[in-house]
Amino acid sequence: MIRDLNVAERTEDIGFYAGFVGASFMFGRCLTSTAWGIAADRIGRKPVVVFGISSVVVFNTLFGLSVNYWMAIATRFLLGALNGLLGPIKAYAIEVCRPEHEALALSLVSTAWGIGLIIGPALGGYLALPAENFPAIFSPDSVFGRFPYFLPCLCTSVFAAAVLVSCIWMPETLHRHKVHESTSQDVEKVQESGIRKKKSLFRNWPLMSSIIVYCIFSFHDMAYTEVFSLWAESDKKYGGLSLSSEDVGQVLAVTGASLLVYQLFLYPRINKVLGPIKSSRIAAILCIPILFAYPYMTYISEPGLSIILNIASAIKNNLAVTIITGTFILQNNAVPQDQRGAANGLSMTGMSFFKALAPAGAGIVFSWAQKRQHAFFFPGDQMVFFLLNVVELVGLILTFKPFLAVPERCDSR
């Protein structure tokens, strides 16, 4: 899309401009996530969720109709700022399930997010440029010919509209009970206690340490997502794989299917045996050698390349979701119910800030790496995956004591 908006003067600069489009969504969400979380604690989870899905319908459609680079950035920014969906959904997942099913509930949230990150680019690969790829169906003079990236955005918006209608049957989990036969002194004590709880959120180290770990790994995952498509589609002379958008979409579709199977049937058992912290550590350790192997795939020919790339992508993304789900569990067990919306909003603010930096940073580093193909120290894309591993290692170190504090079970239901 950046290529066809004609903003990049050279092919090597596409990653630079693409990174800022990805960052604009996260920057918008960074500014408003805490406010949306507080709103979810006050007015309920359902109204915030409904408004967030409505913003997807509107601004995702407008993104597909972007006529220039700045319109693309503006629509993504507004979508991020008006979509406070993820924080309240994490709180909702905890509240709607019994304690023994919380790992499964939160794994479904991270799976939905992970599958979205996979299926989204896959839809883009299959449905972009429909007038060129499906000339018998779409005329060059039609709206899909004039806006070649509108079709995948429209499909996403239609799906979001269907989800919006289904919210009619979504029960609210935040229940406010009126106090009867209470003296004014009792009411004042309850209010003062609530104020103290609200003020103690930043001093809750089990919560804050898990949020920091979550932000580091989120930064890594977003940077990896940005780099993967750029690297896979870049020319082999620049260290890439020279794959088409359709080929990349196929890999991501397979990865999305594997995420669903893993999170539904394997992760709850792994979490039950190892717990969220040990499973996250093991996943982080296993990610490092996989990422080191990526740059060397450029020397593999078909059909071996497709097989190895699909396996590596599936394993890497499942390990990443294992880590993210573990941090979800730690965060939600560190606070009572009446603070979950605010706590998850706070984590979304931090995560969104890091994820806003990640695409822009990854795009800049990727463009820089492609210009140093003959460097002595990690030439070309080897430097990109080396830096991804550095971030992964930092996150791994932070999962150990004394930095990461394990929260006590905290549930006011």
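This is a predicted model: local features need pLDDT of at least 70, side-chain atom pairs count only at pLDDT 80 or more; totals for chains, interfaces and linings use all residues.
1. Cysteines. A disulfide is a covalent bond between the sulfur atoms of two cysteines. Cys30 takes part in no disulfide, and the nearest cysteine sulfur to it, that of Cys215, is 9.2 Å away. Cys30 is buried, at a relative accessible area of 12%. For Cys155, the closest cysteine sulfur is in Cys153, and the 9.2 Å between the two sulfurs is too far for a bond, because a disulfide requires the sulfur atoms to be within 2.5 Å. Cys155 is partly exposed, with 33% relative accessible area.

2. In soluble globular proteins, nonpolar side chains tend to be buried together. Here the largest nonpolar core holds 81 residues, and the members that touch the most others are Phe228, Trp231, Leu241, Tyr294, Met297 and Leu309. Helix α10 (residues 205-233) supplies the largest share of this core, 16 residues. Domain 1 (1-176) and domain 2 (201-407) each contribute at least three residues to this core.

3. Contacts of Trp231. With neighbours within four places in sequence left aside, Trp231 is in contact with Gly239, Gly240, Leu241, Tyr294, Met297, Leu309, Phe366, Asp381 and Phe385.

4. Second core. A separate core has nine residues, among them Ile2, Ala18, Phe63 and Ile73.

5. Cis peptide bonds. Most residues other than glycine have a negative phi, and most peptide bonds are trans. The bond from Glu302 to Pro303 is cis, with omega near 0 degrees. Pro303 is placed in the loop between α11 (245-293) and α12 (304-333). The bond from Lys401 to Pro402 is also cis, with omega near 5 degrees, and Pro402 lies in the segment after α14 (381-398).

6. Positive phi. Leu129 is not a glycine, yet its phi is positive, at about 55 degrees. Leu129 sits in the loop between α5 (102-127) and α6 (130-133) and is buried, with a relative accessible area of 16%. Ser242, also not a glycine, has a positive phi of about 60 degrees. Ser242 lies in the loop between α10 and α11. Is Ser242 buried or partly exposed? Ser242 counts as partly exposed, at 40% relative accessibility.

Conventions: Residues are numbered from 1 along each chain as its sequence is written. Side-chain values use heavy atoms; hydrogens and water are left out. Buried means under 20% relative accessible area, exposed over 50%, partly exposed in between (1.4 Å probe, protein chains only). A nonpolar core is a set of buried Ala, Val, Leu, Ile, Met, Phe, Trp, Tyr and Cys residues joined through side-chain atoms within 4.5 Å. Helices (H or I, at least four residues) and strands (E, at least two) are DSSP runs, numbered from the N terminus. Domain bounds come from an automatic or database domain assignment. Contact means heavy atoms within 4.5 Å.
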